[in-house]
Amino acid sequence: MVVDSGQTLSVVPSALSLFVDNSQRLTATLKDRHGDMVPATPEWSSDNPGVATVDQTGLVHATGTGSATIEAKIRNLRAAASVTVDPRPSSVVFVGAGDIATSGSGDSQTASLLDGIQGTVFTLGDNAYPNGAASDYSTYYAPTWGRHKARTHPVPGNHEYMTLGAAAYFDYFGAAAGERSKGYYSYDLGGWHIIALNSNLAANAGSPEEQWLRADLAASQAHCTLAYWHHPRFSSGTTHGDAVLMTDLWKALYDYGAEIVLSGHEHNYERFAPQTAAGASDPSKGIREFVAGTGGAGGYPFGAPRPNSEVRYNATPGVLKLTLYPDRYEWQFVPTSGSFRDSGSGSCH
């Protein structure tokens with residue numbers, strides 16, 4: 001962060017670790033001496049374009065292995081982020097669940113599963129009960145899943161918004177949670193484009209989030225795409241059931257050939273066959289949904305299976321482990337106890 005005449009310029013995140021051909025956006029923020037944001041458009045530059053380039057929106061693209069510094073400039077103010085680029089691996093692991101930290105023991109058990117699984121961690125919202133307050137994060141989440149915070153990419157649930165503006169959630173996760181007023185963001189992981197969405201905001205066609213999603217999908221060059229949010233578009237659970245409000249985001253993902261959607265909210269595990277936003281079976285172009293609200297909160301019951309529901313389980317907590325390859329994926333649900341297993345594979349469109 002650089003200070004000049006009482007104004008400060010900062011770039012977040014201040015350090016990036018990318019694989020070759022992956023991209024991630026940086027954000028530059030200008031504040032006045034009182035700490036209030038000042039509208040400004042920075043000039044972006046890279047000191048080593050052979051390793052990482054940056055466009056004038058702050059989108060960094062990894063072009064080769066090595067290190068680079070990305071700089072934002074506004075008048076005489078400059079701020080920078082370091083970038084390290086490694087060769088793209090043959091596969092990456094993406095593991096997590098939703099509905100996590102409570103006063104019970106389930107979150108401790110699932111955190112112990114994460115201790116033995118390398119890779120990037122996701123959360124599917126309702127990360128800290130009961131209200132997503134700062135005390136809930138410090139008392140319940142931090143001692144369990146919090147030890148994996150450095151490798152976690154979260155999304156918020158409705159319980160996060162029981163604290164005004166999900167303030168404690170954004171405070172806890174910082175830049176990893178995206179912009180505070182949005183809570184949706186994207187990044188690349190291995191050969192996949194990963195999109196974290198906020199199902200607590202308006203998601204109808206033409207909403208800011210839906211427009212952002214379509215623009216993000218149009219800009220992506222990845223062959224395979226995964227999106228995740230809290231409220232499941234489809235669920236056989238009887239506590240909450242289908243979240244029809246997510247239909248238009250599903251349509252956008254379907255239009256651009258996405259492979260997978262992950263959600264929580266229902267405290268159970270369910271896997272669906274590939275389908276359209278309206279719930280029609282579509283083996284060739286459909287999106288496969290996993291509901292994994294199994295991070296530690298108590299289980300919820302199922303009703304009659306929804307169309308295209310393939311597997312349902314609610315006996316114990318667990319995590320969903322995805323292994324992502326450049327053109328395909330494998331899944332495995334890992335429970336904290338018992339003999340239940342669900343695993344399989346799919347191909348990218």
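The buried residues of helix H2 (residues 134-141) are Asp136, Tyr137 and Tyr141, where buried means under 20% relative accessible area, exposed over 50%, and partly exposed in between, with a 1.4 Å probe and protein chains only. They cover an arc of only 100 degrees around the axis, which puts them on the same side of H2; the arc is that of the directions from the helix axis to the C-beta atoms. This is a predicted model, in which local features need pLDDT of at least 70 and side-chain atom pairs count only at pLDDT 80 or more, whereas totals for chains, interfaces and linings use all residues. Residues are numbered from 1 along each chain as its sequence is written, and side-chain values use heavy atoms, with hydrogens and water left out.

**Helix H2 and its surroundings**

- The buried residues of H2 pack against strand E12 (120-123), strand E13 (152-153) and helix H3 (167-173), contact meaning heavy atoms within 4.5 Å.
- Helices (H or I, at least four residues) and strands (E, at least two) are DSSP runs, numbered from the N terminus.

**Salt bridges**

- Twelve salt bridges are found in a search of the whole structure, each being a side-chain nitrogen of Lys or Arg within 4 Å of a carboxyl oxygen of Asp or Glu.
- Arg147 forms a salt bridge with Asp115, with the closest N and O atoms 2.9 Å apart. Arg147 lies in the loop between H2 and E13 and Asp115 in helix H1 (residues 106-115), so the pair ties together parts that are 32 residues apart in sequence.
- Arg214 forms a salt bridge with Asp255, the closest N and O atoms again being 2.9 Å apart. Because Arg214 lies in helix H4 (residues 208-219) and Asp255 in helix H5 (residues 247-255), this pair ties together parts that are 41 residues apart in sequence.
- Arg328 forms a salt bridge with Glu330, with the closest N and O atoms 3.3 Å apart. Salt bridges that share partners also join Arg271, Arg288, Glu310 and Asp342 into one network.

**The seven-stranded sheet**

- An open sheet of seven strands has the order E14-E15-E16-E17-E19-E18-E20, with mixed pairing; two strands pair if DSSP finds at least two bridges between them.
- Strand E14 (185-189) and strand E20 (309-313) stand at the edges, each with a single partner strand, so one side of each is left without a neighbour in the sheet.
- Strand E17 (residues 260-263) and strand E19 (residues 288-292) pair in the parallel sense over four bridges, and the bridge partner of Ser263 in E19 is Val291.
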